[in-house]
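Let's walk through this structure together, from its sheets to its helices and its ligand. Keep the 3D view open as you read.

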Amino acid sequence: MIEFKEVSLSFDNNPILKEINLTLSESRIGIIGCNGGGKSSMIRLINALLLPTSGEVWVDDLLTKKNKKQVRQQVGFVFQNPDNQIVMPTVAEDFAFGLKNQGMDKSTRFATTELILKRYGLWEFRDHPAYLLSGGQKQLLAIAGVIAMQPKYIIFDEPTTLLDLRNKRLIEKTIQTLEQSAIVVSHDLQFLAHFDRIIVLDEGQVKYDGKPKEALAFYEALMT
Ligand SMILES: Nc1ncnc2c1ncn2[C@@H]1O[C@H](COP(=O)(O)OP(=O)(O)OP(=O)(O)O)[C@@H](O)[C@H]1O
């Protein structure tokens, strides 16, 4: 369970999030809202990429400001821009980087790399420089790498914006069938329509929090 307790966040005294109180326990939670409304900032608080200016963020019994490392083991993060996530020269090395850090032995690592890169259509590119992949392929690589590390929660920041329709469907299906709880920032109303809960964030505040049908109608009205 993830909890926001009276969480506020400011950059240079500029309030971005204002006294957010949330308990997140559903399996699929979508976050939607206007550009600049604070969505990316909010999800970055969950894996301690950002810390609150005031208030507390908890991941189970871990307080983010005191347990950054453990929190990041529990919470995987897929960035909007996959270039932020490429750390190794080749596709296979980049994929296996997190597994190596987790201490997985070489033969299991090789087997896992083959299995998952094949699943995502990336196996034929295993020895290619990761930075030369297309935007969509980089996004697939980033998502595959985080999923392979099996964190308890996975946060996705607009995961399908760079993808063509086939890959978009692949990623949407992957997110829908994850064992882990997923929190997804997206502007794709159709995708979020199947989620358990939608939070509408605007001007740093939760403006609606509920089932997709009502939340998405609220969001559409907010945008007109
Ligand atoms: N590191 C930072 N320093 C200063 N201001 C920041 C920083 N990060 C975000 N902001 C500001 O915080 C506000 C909220 O940004 P955020 O990225 O959280 O919004 P968002 O809802 O995810 O937007 P979008 O839908 O456009 O991605 C914006 O005005 C942004 O300029």
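What follows is a short tour of the sheets, the ligand shell and the helix contacts.

## About the model

This is a predicted model, in which local features need pLDDT of at least 70 and side-chain atom pairs count only at pLDDT 80 or more, while totals for chains, interfaces and linings use all residues. Residues are numbered from 1 along each chain as its sequence is written. Helices (H or I, at least four residues) and strands (E, at least two) are DSSP runs, numbered from the N terminus.

## The four-stranded sheet

Let's begin with an open sheet of four strands, ordered β2-β1-β4-β5 and paired antiparallel. Two strands count as paired if DSSP finds at least two bridges between them. β2 (14-24) and β5 (62-63) are the edge strands, each with a single partner, so one side of each has no neighbour in the sheet.

Strand β1 (residues 2-11) is joined to β2 by seven antiparallel bridges, and Ser-10 has Pro-15 in β2 as its bridge partner. β1 also pairs with β4 over five bridges, again in the antiparallel sense; here Glu-3 has Trp-58 in β4 as its bridge partner. Two bridges connect β4 to β5, which run antiparallel, with Val-59 standing opposite Leu-62 in β5. β4 and β5 form a hairpin with two residues between them, and Asp-60 in the turn has a positive phi of about 50°.

Helix α1 (residues 39-46) lies across β1, β2 and β4 (54-59), running at about 125° to β1. Axes are lines fitted to C-alpha atoms, for helices over the stretch in contact, and angles run from 0 to 180 degrees between N-to-C directions. Residues are in contact if their C-beta atoms, placed from the backbone, lie within 7 Å.

## Around the ligand

Which residues surround the ligand? They are Phe-11, Ile-16, Gly-33, Asn-35, Gly-36, Gly-37, Gly-38, Lys-39, Ser-40 and Ser-41, where a residue counts as near if its C-beta atom, placed from the backbone, lies within 6 Å. α1 supplies the largest share of this shell, three residues.

By type, the shell divides into two nonpolar, seven polar and one charged residue. In this scheme Ala, Val, Leu, Ile, Met, Phe, Trp, Tyr, Cys and Pro are nonpolar, Asp, Glu, Lys and Arg are charged, and the others, Gly among them, are polar.

## The six-stranded sheet

Another open sheet has six strands in the order β6-β7-β8-β3-β9-β10, with mixed pairing. Its edge strands are β6 (75-78) and β10 (205-210), each pairing on one side only. From one strand to the next, the twist averages 15°.

Val-78 stands opposite Phe-156 in β7. Helix α5 (residues 135-148) lies across β6 and β7, running at about 175° to β6. Helix α8 (residues 212-222) also packs on the sheet, touching β3 (28-32), β9 (197-202) and β10, and its direction makes about 20° with that of β9.

## Helix α3 and its partners

Now turn to α3. The axes of helix α3 (residues 91-101) and helix α4 (residues 106-119) come within 10 Å and cross at roughly 125°. That makes α3 oblique to α4: angles under 35 degrees count as roughly parallel, over 145 as roughly antiparallel, 65 to 115 as roughly perpendicular and the rest as oblique. α3 passes α4 in a right-handed crossing; a crossing is right-handed if the near helix is turned clockwise from the far one by less than a right angle, and left-handed if anticlockwise. Ala-92, Phe-95, Ala-96, Leu-99 and Lys-100 of α3 meet Arg-109, Thr-112, Thr-113, Ile-116 and Leu-117 of α4. The residues of this contact comprise six nonpolar, two polar and two charged.

With α5, the axis of α3 comes within 8 Å and crosses at roughly 30°, which makes α3 roughly parallel to α5. This crossing is right-handed. Val-91, Asp-94, Phe-95, Gly-98 and Leu-99 of α3 make the contact with Leu-141, Ala-144, Gly-145 and Ala-148 of α5. Six of the contact residues are nonpolar, two polar and one charged.

How values were computed
Contact = placed C-beta atoms within 7 Å.
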